Amino acid sequence: MIGPTIASPPTVLALVDGFVGLIGENPVRQAFVGGVVIATLNLLGASLVFVWRDPSERALDGALGFAAGVMLAAAFTSLIIPGIEQYSGGDPIPTLVGVALGVAFLDRADILVPHAHYLLTGSRRPDIGDPSTSDVFDPDGSTAAETATERSERLAPVVLFILAITLHNMPEGLAVGVGFGSGNVENAIALMLAIGIQNIPEGLAVSVAAINAGLDRRIYAVFAGVRSGVVEIPLAVLGALAVATVEPLLPYAMGFAAGAMLFVISDEIIPETHTRGHERIATLGVMAGVIVMLYLDVSLG
């Protein structure tokens, strides 16, 4: 049964009309701009290390919790529920199949690329890829007698960490592209803003971890922007192209993006925020993120 329609506030309608008037009605072009927006906000988050040079672990856990809350609500309100109600005629199977595929993809990918918290916490989980390597990675370096081989081994996790973060940015770009490809601009803008907002604390946390591993602030901040843009922008365009070209794929694509996002939240972000004794602030951050996303979703229709 379809409930009563909630009218969007005039300011929200003006935002949507302004976006369409500026970018046009082509969903691929809209998705490209959406990818640019979320990649730019990722760069903004990574660049915060210039002004917030030494954020506390408590603050980072709260910020990551907020990011998880935004993504959690967005996965349901902007992807799963519209996929079922609007694009599958109420049939949940296509969207849920997509969710399962998204989860399976990220699960298999984590076998090949170690978990993101490997560098953030300095410890390895037994289920990550290549568990035969050393049990602990010291972000502060080893002894003065460190050999070239040892230095290489110390930098290898940094590279794997960057690959893991890049992999986990993929669902975000895909979700924005699928959102615009669906033709529901209000919903897509809400999703774009949600992912962009959560990219700020996520970008900051990743940047801090990379700096703690010995990377230069300026180099990594620039690299973070390039990395997120290279991944998120093309995937946003690809997502829009796919669903605009093959409309029956839309609920599967929305489910896939949602499943991948939920996997990242459950497997990476929330466990990471509960490893240093700041569970309460992290949980409050999650609740705040959910509230913000629900407000955006209702306000934008």
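**Burial and helix packing in a predicted model**

Modeller: D61 has its place in helix α3, and everything said here concerns a predicted model.

Colleague: Why is D61 counted as buried?

Modeller: The relative accessibility of D61 is 0%, and buried means under 20% relative accessible area, so D61 counts as buried. Leaving out residues up to four places away in sequence, D61 touches E272, T273, R276, H278 and A282.

Colleague: What makes α3 roughly antiparallel to α9?

Modeller: The axes of helix α3 (residues 57-85) and helix α9 (residues 250-273) cross at roughly 160 degrees, coming within 9 Å. Angles over 145 degrees count as roughly antiparallel, and therefore α3 is described in that way relative to α9. The crossing in which α3 passes α9 is left-handed, and the residues of this contact divide into 18 nonpolar, four polar and two charged.

Colleague: How do you know that A188 is buried?

Modeller: A188, which lies in helix α7 (residues 185-212), has a relative accessible area of 0%; the cut-off for buried is under 20%, so A188 is buried. Beyond its neighbours within four places in sequence, A188 is in contact with G179 and F180. The C-alpha atoms of A188 and S78 are separated by 7.5 Å, although these residues are 110 residues apart along the chain.

Colleague: Which residues touch the most other members of the largest nonpolar core?

Modeller: They are L79, A175, V178, F180 and I189, out of 54 residues in that core. With residues up to four places away in sequence not counted, F180 touches F19, P27, Q30, A31, G34, A188, I189 and M192.

Notes. Residues numbered from 1 in each chain as written. Predicted model: local features only at pLDDT ≥ 70, side-chain atom pairs only at ≥ 80, totals over all residues. Heavy atoms only, no water. Axes fitted to C-alpha atoms, helices over the stretch in contact; angles between N-to-C directions. Helix = DSSP H or I, 4+ residues; strand = E, 2+ residues; numbered from the N terminus. Parallel < 35°, antiparallel > 145°, perpendicular 65-115°, else oblique. Left-handed = near helix turned anticlockwise from the far one by under 90°. Nonpolar A, V, L, I, M, F, W, Y, C, P; charged D, E, K, R; others polar. Core = buried A, V, L, I, M, F, W, Y, C linked by side-chain atoms within 4.5 Å. Buried < 20%, exposed > 50% of the residue type's maximum accessible area, 1.4 Å probe, protein only. Contact = heavy atoms within 4.5 Å.
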